[in-house]
Amino acid sequence: MNKLIPFWEFFTDPVLQASTISSMLMCLASSIMAVIVFIKRRSLIGEALSHATYPGIALSVLMCAGLFTKAPGVFPFVLLIGALISSLLGMRLITFMEEKLSVKSDSALCFVLSTFLGFGVFFASRLQFSHPIWFQKIQMFLYGQAATMLSIHVILYAILTLIIALFVVFLFYQIQAIGFDKMYTKVLGLRVNLIESLTLILIVIAVVIGIRSVGVVLMSGMLIAPAAAARQLTNNLSKMFLFSGLFGVISGFLGNYFSVNLSIYLMQVRPLWRVSLPTGPMILIVAACITFLCLILAPNRGLVTRLYRRQKFQLKVLRENILKEMYKTGSGQSFIQLGRRHRIFAPILLIVVCLMRLQGWISKENKLYILSDKGTKKACRIIRLHRLWEVYLYTHLGYLAENVHKSAEEMEHIITPNLEKKLSQLLKDPKLDPHDQIIPAGDG
Amino acid sequence: MKKQINIKNLTVSYDRKPVIWDLDFSIPRQSCVGIIGPNGAGKTTLVKTMIGLLEPLSGEIDFFGKDNVEMKGKIGYVPQRKSIDWDFPITVFEVVQMGLYSTLGLFKRPSRREKERVLEVLKSLKMDQFADCHIGDLSGGQQQRLFVARALLQDADVFFFDEPFVCIDKTTEQLIIDIFKQLVSEGKTLFVVHHDLNTVKNYFDTVVMLNTRLIAAGPVEKVYTMENLTKTFGQGGLIFEEALNLTSKSQEGLKYNE
Amino acid sequence: MSYWGLNFFGVIKHFFYTFASFIAGNCSIENLAIDEIQVLVLVFIGISCALIGSFLVLRKMTMLANSISHTILIGIVIAHVILQWFFFKDIEKPFQIDMQLLMLASFISSLLTLFLTDFFNRVLKLQKDASIGLVFTVLFAIGIVLVTIFTRNSHIGSEIIMGNIDMVHKDDLKIALFLLLSNVLLTVVFFKEYLITSFDSNFAKLSKISNWAFTYLLLLQTSATVIGALRAVGVVLVLALIVIPPLTARLYTNRLRSMILLACLTSALGAIIAVALSRHFLSVYGLPLSTAGLVVVCQFFIWGASVLFAPKKGVLAKYFFNAVSRVTAANPS
């Protein structure tokens, strides 16, 4: 019976160590570059560049297969350089197509993506039947094979990740300026082209490191998900880099963790299946889950938060309308009367009434609800805002007197104290509205 | 059939921010209407909402007693030139021929008679020699005439032109004005988003002046005054804008300062 | 009947000889050699892809096509599951594509792609490029995991990527033919609707032509074609057949009909050349190379040659034109 592997063993166990650490490094590198790509709205470039590495990899392996009988020590470096050159060529072709041939951006990306992959498949097929072991080495780049990483990979990736991090730290303001307004930055005299070229090379490096872990096909996801998640949590670019890097590293670790432990679990539960989950896809699934959670639950921009705030506002409108109505009628009202007059369902009305009692606006006496002093003041304020807005529409925007009421019904719930002050100043603290009703004074 | 186009309490928002607010006006049939306002005032939005490309948040649009769904196919639309992909592999003839598609239905092809009509319309706009040309080869004025031709072929009752006089040559300008006159004399109603304040009195008999909300609408002589122009293009609406911003934020569920 | 041992020109000659005798009625379909089946399958799929690719390129939807080529993996898995559990169909061999599976899977995956991408973009307010990229990579990752669980083989995926045209079969020919006929039919019947929704979607709306319906139809066609081409060229290489021929054709003409026809032609031509070359490498050099890869390589070189040599738009043509203009400007006589 295999037990699940605890998380610290992923760093101490010699078998799991290299894979886990190099995955985390790779995810860190790609999540940093993902932010840059995200703010430029070119998230899909990772897809093209990762596929463009394939022919380079195939050719490097071909070369090694031709010269050596077994993988030489420099093999990882050769592959890296092959992938790098190939990807940079792909980038050059994309730029050429967009600028000189007026090809639309998405077509250029898909062109390079599919053509380079096709060339890669073609080159790789040379080895398919004659040298199956070498062929396998090429194939594993399609989906990645984190499990076979060595310490040399870890050291290499650590160095490259450090370079990427330093680049972002030292050139932060330039990156921000170029991402926001490239033309203006050029006019300022900054060396935009140089920085752009460097950025590109670093994106390619991040891609090349990454494909060993997650593979060619999935790499583009790691250049999108962490940045998209980070964006939901902050508007600040430097915080975005930090969050993105954090999410990347977590995904890298958890991907390894789940792929190993879930396989073990499934082995116990369904031994006949003999399942061994691949690491690459698991890393991406974790990253995507984080992104999805951020999109839904982020404190300011998240979907749930937005829906909640909308609901809260609508309840506020309801409470204030009831308050106004109670002020105008003057006498106490029963629960049923309120429900009928405002046409609300009983459970919602219950919540609203409770909230109003909590806020101290109303109190209950003999089964009737009456306004408190606080409630009266609040009602007056709302009516004041309503009538101020009516005066504004009437005098400054040329509305007819009969048309101002509807707009004011909405605005009375929205106008902030700040805006109220501005209105009062502009209108010179009016005492009557367009229907000759008195405007309650501000502040008591 | 009623004789007016009525807009009642029209509010249109984009991304939850009101771009047109509470618009209300009526236009008699056979008018040539200029739509005037500063940038971002909602002129193109008004046109797109009237023809049915955008959904209003509230309000009604009434074309002589019909709504704009029933009017589909009877509305001619000449879009802004910058919204077109001039690289598309299509000829002048094929673009104008599109004007027939709404009447043709799903499976039919244009007949010979219909193809002749296309050539006639092109001739009336002095574009017949360009019939087989790629649209990317046309000059600015010719591009404008192209879309006017397409709209003419539609046999519509109401026409909408979005900034037709921007960056065109004198010949094109004169041709378009002649077409306006002819269409009006045939009983059509025209709406034209216009940017050049100097020519308003020459081209139009009615104006609609707006800056998110309606400033004024009516006959040119009565309504196109200095006072109304100041209200349209002036700064009095700043508080209004701030209030609209707050409205959109509250609708969005985003935080705004209490 | 066999193509064994023939070189490039031998293949071409033999193929056209067989083709001619087929038309004359001397040959029957039963005796097709594998090279001929390969050519026919590749030509049929190539033409299908050229037809839908032309519109996808013009509508800037090629990334969505790439997206679909990834999501069909999970579409096929779900379709397999549905067919097995609800209709009690047995899965004899994983990824054996038959008509029912094709239809169901393409329907599911195109719907998933369109719906999820739109959901992320409009409801969750994620920017468009990130939405597209996130949706397809994640669905593909989930697809791989599911495939691994169901087939205990995580390398099945690479066959999906590259296909295996060298194992192609008469049944694949039937599917390829079905796809060709459907795509040709839909393109011809709905030509003007596709034209108007691609060129000016506002005007389409005004003319009571539904933009959404034709976008979905195009994506459905793409989905079905990609799945049908699965065994022959594999998923990602279908993208090459979708994108490259229309771009090549665009270099020669400014008219949509000519562009589509030319794209079909270059696609078919590339297919024949690729198969012939593949046999050539095998016969003359003893190298069994990937025919699918060769297809892409050929298409690329046809494109490259067009970039250089196309009249009016080619690099050389423009160079001469500029040189001539400079000369005549200098000597106005």
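The following dialogue concerns a predicted model with chains A, B and C.

Biologist: Does chain B agree with or depart from the radius of gyration of a compact globule, and what is its value?

Modeller: The C-alpha atoms of chain B fill a box of roughly 65 × 40 × 40 Å along the principal axes. For 258 residues, a compact globule would have a radius of gyration near 18 Å. Chain B agrees with this, and its value is 19 Å.

Biologist: Which strands stand at the edges of the open sheet of three strands in chain B?

Modeller: The order of this sheet in chain B is β2-β1-β4, and the pairing is antiparallel. An edge strand has a single partner strand, so one of its sides is left without a neighbour in the sheet. The edge strands of chain B are therefore β2 (17–28) and β4 (58–63).

Biologist: Which residue of β4(B) is the bridge partner of B:Asn6?

Modeller: Strands of a sheet pair through backbone hydrogen bonds, either parallel or antiparallel. Strand β1 (residues 4–14) of chain B runs antiparallel to β4(B), and five bridges join them. In β4(B), the partner of B:Asn6 is B:Asp62.

Biologist: At what angle to β1(B) does helix α1 of chain B run?

Modeller: Helix α1 covers residues 43–51 of chain B. This helix lies across β1, β2 and β4 of chain B. Its angle to β1(B) is about 115°.

Biologist: Which element gives the most to the side of chain C that touches chain A?

Modeller: Chain C and chain A each bring 48 residues to their contact. Among the elements of chain C that give two or more residues are α3 (62–86), α5 (128–151) and α14 (291–309). The side of chain C has 33 nonpolar, eleven polar and four charged residues. With 14 residues, the element that gives the most is α5(C).

Biologist: How far apart are the centres of domain 1 and domain 2 of chain A?

Modeller: The domain assignment places domain 1 of chain A at 9–299 and domain 2 at 305–371. Taken over C-alpha atoms, their centres are separated by 56 Å.

Key:
Residues are numbered from 1 along each chain as its sequence is written. Chains are lettered from A and ligands numbered from 1 in the order in which they are written. This is a predicted model: local features need pLDDT of at least 70, side-chain atom pairs count only at pLDDT 80 or more; totals for chains, interfaces and linings use all residues. Two residues are in contact if their C-beta atoms, placed from the backbone, lie within 7 Å. Helices (H or I, at least four residues) and strands (E, at least two) are DSSP runs, numbered from the N terminus. Ala, Val, Leu, Ile, Met, Phe, Trp, Tyr, Cys and Pro count as nonpolar, Asp, Glu, Lys and Arg as charged, and the others, Gly among them, as polar. Domain bounds come from an automatic or database domain assignment. The radius of gyration is taken over C-alpha atoms; the globule rule is 2.2 Å times the number of residues to the power 0.38. Two strands pair if DSSP finds at least two bridges between them. Axes are lines fitted to C-alpha atoms, for helices over the stretch in contact, and angles run from 0 to 180 degrees between N-to-C directions.
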